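Subject: Structure for you to look through

Dear colleague,

I am passing on the structure we spoke about, with the sequence alongside.

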Amino acid sequence: MPRLFTALEIPRNAAMSLSLLRGGLPGARWIDVENYHITLRFIGDVDGRTADEIVERLDRIDRPEFQFRLEGIGSFGSKKPHSVWAGVSQSPEMYALQGEIERICQRIGLPPDPRKFTPHVTLARLKSSRLDDVVQYLAGRGNFHTATFTAPRFVLLSSRESVGGGPYLTEEVFPLHEARSTPSVSSRLLQPAKSLV
């Protein structure tokens, strides 16, 4: 079985903004634009029966779509950086979705994800980049941000054995329902009062 993970997709216009960050960092292996995503939960290698059960349970998730944007960049691995990423704005709905997926995975019998959920888009994997080069690269791009966009669905992706960074294949798509807007306070105040007669 291929390695499985759940993710949010990055729309084309945001992906194009991210692609402008490519280059200018020696030793970086840049992720292809079509492989940008935000990992919600790494599942790993599972057998077919477990994969089917995961899909069946994920299909029952009933959550609203939500908005967020990409903002800021950073690196993982403080003294020896191993990747460069774009950050994600705070989104309670994203954390709630990720938490539900995590609970589903644990109920099925998968071990808890040992890493704290830190939403990000990996831009590059670093092999032999010097710390000074990484610091200089980040310093010149710290004010990066995209326009706000909507996540209408999440996906189950698979990756074959590789060095990391794709190519990824979309195995299943799980739509999020349209957020129902609640009437604002001012519009409720404008409603005529019901007659008690």
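Predicted model: local features only at pLDDT ≥ 70, side-chain atom pairs only at ≥ 80, totals over all residues.

Residues are numbered from 1 along each chain as its sequence is written, and side-chain values use heavy atoms, with hydrogens and water left out.

The overall fold

The secondary structure of the protein comes to 5 helices and 10 strands, where helices (H or I, at least four residues) and strands (E, at least two) are DSSP runs numbered from the N terminus. Of its 197 residues, 43% count as buried; here buried means under 20% relative accessible area, exposed means over 50%, and partly exposed is what lies in between, with a 1.4 Å probe and protein chains only. Among the contacts in the protein with a separation of 6 or more, 78% are between residues 24 or more positions apart, a contact being heavy atoms within 4.5 Å.

In helix 2 (residues 48-58), the buried residues are Thr50, Ala51, Ile54, Val55 and Leu58. Viewed down the axis of helix 2, these buried residues fall within an arc of 140 degrees, so they line one face of the helix; the arc is that of the directions from the helix axis to the C-beta atoms. The face turned away from the buried side carries the exposed residues Arg49 and Asp52. On the buried side, helix 2 packs against strand 1 (3-9), strand 3 (37-45), helix 3 (92-108), strand 9 (153-159) and strand 10 (168-175). At the start of helix 2, a side-chain oxygen of Asp47 reaches to within 3.1 Å of the backbone nitrogen of Arg49, a polar contact being a pair of N or O atoms within 3.5 Å, of which, within protein, one must be able to donate a hydrogen and the other to accept it, with residues adjacent in sequence counted only if both atoms are side-chain atoms.

For helix 3, the 17 residues should span 24 Å at 1.5 Å a residue, and the end C-alpha atoms are 25 Å apart, which agrees; the expected span is 1.5 Å times one less than the number of residues. The buried residues of helix 3 include Met94, Leu97, Ile101, Ile104, Cys105 and Ile108, and also Gln98, Glu100 and Glu102. What covers the buried residues of helix 3 includes strand 1, strand 3, helix 2, strand 4 (66-68), strand 6 (83-88) and strand 9. Just after helix 3, Gly109 takes a positive phi of about 115 degrees.

Strands and their pairing

Strand 1 is mostly covered, with 5 of its 7 residues buried. Strand 1 runs antiparallel to strand 3, to which 7 bridges join it, and Thr6 stands opposite Arg41 in strand 3. Strand 1 also runs antiparallel to strand 9, through 5 bridges, and there Ala7 stands opposite Val155. Two strands are taken to pair if DSSP finds at least two bridges between them.

An open sheet of 4 strands has the order 2-7-6-5, with antiparallel pairing. Strand 2 (28-30) and strand 5 (70-76) stand at the edges, each with a single partner strand, so one side of each is left without a neighbour in the sheet. Strand 2 is joined by 3 bridges to strand 7 (residues 120-126), the two running antiparallel, and Trp30 stands opposite Ala124 in strand 7.

Ser129 is found in the loop between strand 7 and helix 4, and at 9% relative accessibility it counts as buried. A polar atom of the Ser129 side chain lies 2.7 Å from the backbone oxygen of Pro26. Leaving aside neighbours within four places in sequence, Ser129 is in contact with Leu25, Pro26, Gly27, Ala28 and Val134.

Lys127 has its place in the loop between strand 7 and helix 4, but is exposed, with a relative accessible area of 63%. Lys127 and Arg29 are 98 residues apart in sequence and 7.6 Å apart in space, C-alpha to C-alpha.

Thr146, in the loop between helix 4 (131-139) and strand 8 (149-151), is buried, with a relative accessible area of 5%.

With best wishes
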